[in-house]
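Please look at the sequence and the 3D model together. The text below walks through side-chain pairs, a pocket and a helix.

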Amino acid sequence: MRLSPMLLSLCTTSFLLAASGIEYTGVMVTVQKPNGKQLNYLVERKIPAECKKIPINNEMLWTGNYANPEVPAPCKSTYVHTKGKLQPMHLDEDLETYGELEVLAFIKEMQQNNKMMLIDSRKETWYNYMTIPGAVNMPFVYFKERENYEFHFEYALKHLGVFQNKEGEYDFEDAKTILLFCNGPWCSQSPTMIHALLEIGYPAEKIKWYRGGMQDWLGAGMTSTRE
């Protein structure tokens, strides 16, 4: 079958547009470590040269439960995906669920906007092992069990731009727009933190959720702090 010149042109244009998106150009992120050292990351979709040659078809991508044996090792990712309980796509009608491109766009805008914050809601051990560059760590337990983590909870709220008045009511006027994630679409830690934030009155429209978390992030070949 021959493609008409117009259709061929459209196909070529579509390919060029797809290959010039934010996942290919990347986003520069500077991360400051506890020791004061600064590290620079280019957050992008890492595609080894040999992976670009793999055709997108059923035989190559879905040979049973695994990739075709001919697919080079750098093009494959394997993770435990049988843990936890799958989360719904939407946690609240006013709360947006993000995919990888939206996360990248958020990170890019965040570099120039201190009213935005990317939050890894997992516990510190997970965060230190590997996270998305630019994310800050606010463990979900600080919010779920705020009575037991009173100091950490109040400290975290200040970083989110939330304060309490003399009557003990929360003031969300300067609350930051936040994007939360955890281990994967089966992980309950970020949903737990989100529900806890909604309980205290945090505006749902200022909360974004990356449902895919680290599993989808790594599965898409994105940059992490663990090289």
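The model is predicted, so local features need pLDDT of at least 70 and side-chain atom pairs count only at pLDDT 80 or more, while totals for chains, interfaces and linings use all residues. Residues are numbered from 1 along each chain as its sequence is written, and side-chain values use heavy atoms, with hydrogens and water left out.

A salt bridge is taken here as a side-chain nitrogen of Lys or Arg within 4 Å of a carboxyl oxygen of Asp or Glu. By this rule there are four salt bridges. One of them joins Arg45 and Glu23, with 2.9 Å from N to O. Arg45 sits in the loop between strand 2 (38–43) and helix 3 (58–61) and Glu23 in helix 2 (residues 22–25), so this pair ties together parts that are 22 residues apart in sequence. Helices (H or I, at least four residues) and strands (E, at least two) are DSSP runs, numbered from the N terminus. For accessibility, buried means under 20% relative accessible area, exposed over 50%, and partly exposed in between, with a 1.4 Å probe and protein chains only. Arg45 is partly exposed at 35%, whereas Glu23 is buried at 15%.

Another salt bridge pairs Glu199 with Arg146, where the closest N and O atoms are 3.3 Å apart. This pair also links distant parts of the chain: Glu199 belongs to helix 8 (residues 189–199), Arg146 to the loop between helix 6 (141–144) and helix 7 (150–159), and the two are 53 residues apart. Glu199 is exposed, with 61% relative accessibility, and Arg146 is buried, with 18%.

In a further pair, Arg122 and Asp120 bring their closest N and O atoms to 2.8 Å. Arg122 has a relative accessible area of 2% and is buried; Asp120, at 0%, is buried too. Asp120 is part of strand 4. Leaving aside residues up to four places away in sequence, the contacts of Asp120 (heavy atoms within 4.5 Å) include Tyr127, Ala135, Val136, Asn137 and Phe181.

Which residues lie nearest the centre of the second largest pocket? They are Gln32, Tyr127, Ala135, Val136 and Asn137, out of a lining of 34 residues. On a 1 Å grid over the protein atoms alone, a pocket is an open set of points where a 1.4 Å probe fits, with protein on both sides within 12 Å along at least five of seven lines, and lining residues have an atom within 4 Å of a point. Two or more lining residues come from each of strand 1 (27–32), strand 4 (116–120), helix 5 (124–129), strand 5 (136–137) and helix 7. Helix 7 gives the most, with five residues.

Phe153, Ala156 and Leu157 are buried. They cover an arc of only 100 degrees around the axis, which puts them on the same side of helix 7; the arc is that of the directions from the helix axis to the C-beta atoms. Phe151 and Lys158, on the other side, are exposed. Among what covers the buried residues of helix 7 are helix 6 and strand 7 (170–171). Just after helix 7, Gly161 takes a positive phi of about 80 degrees.
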